Amino acid sequence: MRVCYGSVKGDGGQMRRRNDIEFANDLVRWAAWLYHGEGRTQNEVADDLGVSRQSVANYLNEARTRGLVSVQLAPDILSAHAQAEALMRKFGLVGVHLVPEADDPEAARQSVAKGGARVVATLMRDGWTLGVSAGRTLSALAAWMPIVRFPQSTVIQIAGSSIMGAATSPEVCTSSIASALGAHCINLHAPAYLGTEALTQMLLSEPAVARQFEIIAASDIIVFGVGELTGDTNIDQPPHLDSVVRDDYLARGARAVVFGRFLDASGDEQGGPLQHRTLAISLDVARSIRIRLAVASGRTKQAALRAALGAGLITHLVIDVGLAGLLLLGDGVGGCE
């Protein structure tokens with residue numbers, strides 16, 4: 001398009017350049033072309049037309065009103081919105097937040113973790129208690145937490161600690177999130193799995209530990225990952241949870257691990273050698289907490305996430321669109337294979 005300029009008086013007595021006859025001296029059309037067609041900023045459009053930035057904003061609003069400009073959402077955005085709505089209906093969820101799917105598992109985990117961190121920061125209120133689980137996604141979420149200040153809040157560990165001392169351990173995840181939120185941190189200084197049922201009950205009756213579980217039960221929100229259980233699942237809780245115990249749970253029908261507890265395909269806690277030797281929030285207590293945010297990525301998590309959903313443990317969910325499509329398989333919504 002050929003563009004010629006002349007000089008005429010603009011608003012505020014400034015000299016402005018005028019487009020040629022092709023826009024019929026219509027500043028609304030001209031502003032719309034420069035902004036939407038050439039990708040200039042509003043400040044640049046204002047300088048080019050010799051008008052104020054507010055005038056440009058008014059021109060652009062008028063362009064939309066007159067139908068000169070239409071805004072269309074990309075199909076993948078619309079699809080993701082439809083998937084989120086369908087997941088909320090299907091599983092009775094309060095909120096679903098979807099992120100793009102990534103081919104690389106670590107990239108997918110980081111994307112979900114970043115989204116989860118934003119959701120935590122949005123849902124959280126000062127004075128609330130936030131319960132934190134463990135895992136690779138939770139560790140990444142802790143790293144992505146925005147620096148916001150909730151000095152009257154408490155962040156508490158909801159499952160026993162790992163003797164491995166990894167960055168994915170519940171004590172590290174809890175302290176990292178507490179630091180980002182400027183909140184009080186309460187770690188659970190006891191192992192996730194104990195040697196006997198009697199020892200577990202004895203420890204749970206210890207006043208300090210009992211008080212800690214009272215605080216956990218009074219949490220306003222919990223955030224947790226969902227682990228799938230397969231023959232390849234890494235074991236990081238020796239000596240009581242090893243590959244032999246893992247395979248025993250698999251044989252019994254366990255498909256997921258949440259808070260260190262094993263779930264079968266329907267979401268019931270799977271009986272097994274560790275059921276009464278686990279130092280962690282119970283499923284019943286977890287279900288009583290108002291906001292229960294789960295974060296998960298990757299299509300391999302489908303069976304595990306279905307188990308957690310079936311258990312009624314989730315009110316809010318952050319996952320990628322690929323996993324969402326599998327959860328909706330057969331519903332006629334989203335990316336089905």
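**View 1. Strands S3 and S12 run side by side in the parallel sense.** Five bridges join S3 to S12, which covers residues 316-320; strands here are DSSP E runs of at least two residues and helices are H or I runs of at least four, numbered from the N terminus. Look for Val 96, which stands opposite Leu 317 in S12. This is a predicted model, where local features need pLDDT of at least 70, side-chain atom pairs count only at pLDDT 80 or more, and totals for chains, interfaces and linings use all residues. Residues are numbered from 1 along each chain as its sequence is written, and side-chain values use heavy atoms, leaving out hydrogens and water.

**View 2. Zooming out gives an open sheet of seven strands with parallel pairing.** The order is S3-S12-S11-S7-S4-S5-S6, and two strands count as paired if DSSP finds at least two bridges between them. S3 (95-99) and S6 (184-186) are the edge strands, each pairing on one side only. From one strand to the next, the twist averages 15°.

**View 3. Helices H5 and H7 lie across strands of the sheet.** H7 (residues 170-181) covers S4, S5 and S6, at about 175° to S5. Axes are lines fitted to C-alpha atoms, for helices over the stretch in contact (heavy atoms within 4.5 Å), and angles run from 0 to 180 degrees between N-to-C directions.

**View 4. Phe 259 sits in the largest nonpolar core, which has 44 residues.** Such a core is a set of buried Ala, Val, Leu, Ile, Met, Phe, Trp, Tyr and Cys residues joined through side-chain atoms within 4.5 Å; buried means under 20% relative accessible area, with a 1.4 Å probe and protein chains only. Phe 224 and Ile 319 are also among the residues with the most contacts inside this core. H12 (302-310) gives the most to this core, with five residues. Leaving aside neighbours within four places in sequence, Phe 259 touches residues including Ser 133, Ile 222, Phe 224 and Leu 313.

**View 5. Helices H8 and H9 pack at an angle of about 80°, with axes 5 Å apart.** The two helices are therefore roughly perpendicular to each other (65 to 115 degrees). H8 brings Leu 203, Leu 204 and Ser 205 to the contact, while H9 brings Pro 207, Val 209, Ala 210 and Phe 213.

Terms used: Buried < 20%, exposed > 50% of the residue type's maximum accessible area, 1.4 Å probe, protein only. Parallel < 35°, antiparallel > 145°, perpendicular 65-115°, else oblique.
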